[in-house]
Amino acid sequence: MESVILPQVKYKCANLTDVDNYRAIAISNAETKILETVILQYVNDVENCDMYQFGFKKSHSTGLCTSAVKRTIDYYLKRGSYVFACFIDFRKAFDMVNYWKLFAQMLRDGTDLCSVKLLAFWYSHQTLCVYWQGYCSDKFCVSNGTKQGGVICLRGLSVH
């Protein structure tokens, strides 16, 4: 349940003192990867998600969504109509997830109680430290956010 955060520069030509120019990469230990691989035995592809969802879905990308938006805008502009759009910035979406709400939704969706309990214990007891230029910070607890880059997250799947 311990991970090490390695800050990675997003844009080397940008301001290296700007905290927003860094991506936090959490490195998990081998035991975590083994546990996630075992949990994957109880994971199925998400077939019942919204057909208009593009990101975080197996075999889908936001490139397809961008193309659809451009074609739609072009269609209406060529016919002399106005086009209004609203965009949402999800840059910090993984960091802001309240995992207790996520676990409650998993239970409402019929996810196995033991799987949810395991994940709830795991997430509520995880600790992190930051490794930077040869030094490691003190450990600290995390109260929200999901594991980016984990075996489960990379598969774009949902626990059932």
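A residue counts as buried when its relative accessible area is under 20%, and as exposed when that value is over 50%. Keep this in mind as you work through the exercises; the model here is a predicted one.

**Exercise 1.** Work out whether Thr-32 is buried or exposed, and find what Thr-32 touches.

*Solution.* Start with the place: Thr-32 sits in helix 1. Next, take its relative accessible area, which is 5%. The cut-off for buried is under 20%, so Thr-32 is buried. Finally, look for its contacts: leaving out residues up to four places away in sequence, Thr-32 touches Met-1 and Trp-122.

**Exercise 2.** Explain why the buried residues of helix 1 line one face of the helix.

*Solution.* First, list them: in helix 1 (residues 30-39), Thr-32, Glu-36 and Ile-39 are buried. Now look down the helix axis: these buried residues fall within an arc of 55 degrees, so they line one face.

**Exercise 3.** Find which residue forms a salt bridge with Glu-2, and say where both partners lie.

*Solution.* Searching the whole structure turns up 1 salt bridge. Glu-2 pairs with Lys-139, and their closest N and O atoms are 2.8 Å apart. Now place them: Glu-2 belongs to strand 1 (residues 2-9), while Lys-139 is in the loop between strand 5 (135-136) and strand 6 (140-141). They are 137 residues apart, so the pair links distant parts of the chain.

Methods
Residues are numbered from 1 along each chain as its sequence is written. This is a predicted model: local features need pLDDT of at least 70, side-chain atom pairs count only at pLDDT 80 or more; totals for chains, interfaces and linings use all residues. Side-chain values use heavy atoms; hydrogens and water are left out. Buried means under 20% relative accessible area, exposed over 50%, partly exposed in between (1.4 Å probe, protein chains only). Helices (H or I, at least four residues) and strands (E, at least two) are DSSP runs, numbered from the N terminus. The arc is that of the directions from the helix axis to the C-beta atoms. A salt bridge is a side-chain nitrogen of Lys or Arg within 4 Å of a carboxyl oxygen of Asp or Glu. Contact means heavy atoms within 4.5 Å.
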